[in-house]
Amino acid sequence: MNEPSAEMRTRLTAWGVTPVGTGFSTPSSELMPGTRGGEAVMLKIALVEEEARGATLLEWWGGHGAARVLARTDRATLMVRATGSRDLTVMAAAGQDAAATAVLVQAALTLHERTPPSSGEVPLVALRDWFQVLLTTRSDDPVLQRAAEQAERLLATTSPADVAVLHGDIHHGNVLDFGDRWAAIDPKGLIGHRAFDFANILCNPTETAALDNLAARLNTISRQASIDPVTLAEWTIAWCGLSLAWARGDAIPTWHARTAPAVADLLLESLNDGDKSSGTFSIGA
């Protein structure tokens with residue numbers, strides 16, 4: 001990356017952080033690994049509002065299922081850095097997909113345990129607002145159309161008992177090994193039906209992993225999280241549509257632009273062929 005920004009240099013000094021290696025930037029943040037008082041830390045400067053909102057939520061979780069925040073300003077966050085050797089993406093590719101999925105599900109369940117904060121305590125985006133790009137998209141794509149219909153119905157019928165504070169981006173790269181535990185990083189800061197936080201797991205970390213393990217993952221998540229499999233499949237279809245709506249117009253399509261419709265097609269076919277009244281269905285190979 002280029003030289004650290006003025007704000008990064010200011011926070012490094014103010015919080016007594018010694019950089020380790022070189023920092024790096026993403027379109028949404030500037031990051032610097034370091035140490036403080038012998039503890040591995042990560043200093044992050046938010047470049048967009050979404051990152052700042054996520055940092056507020058990370059602090060609110062207080063280390064319960066998430067990376068522990070040590071200090072924070074409006075844009076800067078100092079948190080404990082993950083240094084463990086385990087990697088969920090590697091596990092999924094090495095024949096341990098079931099174990100990786102179980103870790104991800106437990107991470108989401110732990111985050112969901114906290115009662116939603118009082119209004120204004122933490123800035124959270126309602127799922128209906130998060131889905132606006134899909135709900136307002138006009139397209140001849142049958143997957144987008146069906147996903148939008150599913151999303152509208154699911155949002156309209158969400159019961160208060162199913163509402164939780166959502167990470168919003170639970171996947172293999174956002175739940176890390178902190179040595180003594182797994183913990184989440186980089187939340188989006190959403191609130192809505194808890195099933196939404198499990199949909200992303202079904203579409204990651206690669207297209208092959210997602211499609212090869214779709215049935216096993218859906219059954220595992222349904223059982224471990226006590227979510228009806230049909231409900232989980234429907235939220236996943238809605239999530240796939242949202243992912244596609246975001247990807248429209250991208251100059252270089254990501255693998256997600258291929259994976260999302262492939263996963264949605266399999267789930268839609270299974271829902272059409274299965275017995276929804278019994279709450280069960282099977283996913284064909």
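The model is predicted, and local features need pLDDT of at least 70, side-chain atom pairs count only at pLDDT 80 or more, while totals for chains, interfaces and linings use all residues. Residues are numbered from 1 along each chain as its sequence is written, and side-chain values use heavy atoms, with hydrogens and water left out.

The peptide bond between Asn-204 and Pro-205 is cis, with omega about -5°. Most peptide bonds are trans, and most residues other than glycine have a negative phi. Asp-186 has a positive phi, near 55°, and belongs to the loop between strand 10 (182–184) and strand 11 (190–193). Asp-186 counts as partly exposed because its relative accessibility is 28%, where buried means under 20% relative accessible area, exposed over 50% and partly exposed in between (1.4 Å probe, protein chains only). Ser-226 likewise has a positive phi, near 55°, in the loop between helix 10 (214–225) and helix 11 (229–247). With a relative accessible area of 60%, Ser-226 is exposed.

Strand 5 (residues 69–72) and strand 6 (residues 76–80) run antiparallel and are joined by three bridges; strands pair if DSSP finds at least two bridges between them. They form a hairpin with three residues between the strands, and Ala-71 stands opposite Leu-78 of strand 6.

Helix 7 (residues 142–156) and helix 12 (residues 255–273) have axes that come within 11 Å and cross at roughly 65°. These axes are lines fitted to C-alpha atoms over the stretch in contact, with angles running from 0 to 180 degrees between N-to-C directions. Val-143, Arg-146 and Gln-150 of helix 7 meet residues of helix 12, including Ala-264, Asp-265 and Leu-268, contact meaning heavy atoms within 4.5 Å.

The largest nonpolar core has 76 residues, and Leu-127, Phe-131, Leu-134, Val-175, Phe-196 and Phe-198 have the most contacts inside it. Such a core is a set of buried Ala, Val, Leu, Ile, Met, Phe, Trp, Tyr and Cys residues joined through side-chain atoms within 4.5 Å. Helix 11 supplies the largest share of this core, eleven residues. A second, separate core of eleven residues includes Met-8, Leu-12, Ala-76 and Leu-78.

Methods: Helices (H or I, at least four residues) and strands (E, at least two) are DSSP runs, numbered from the N terminus.
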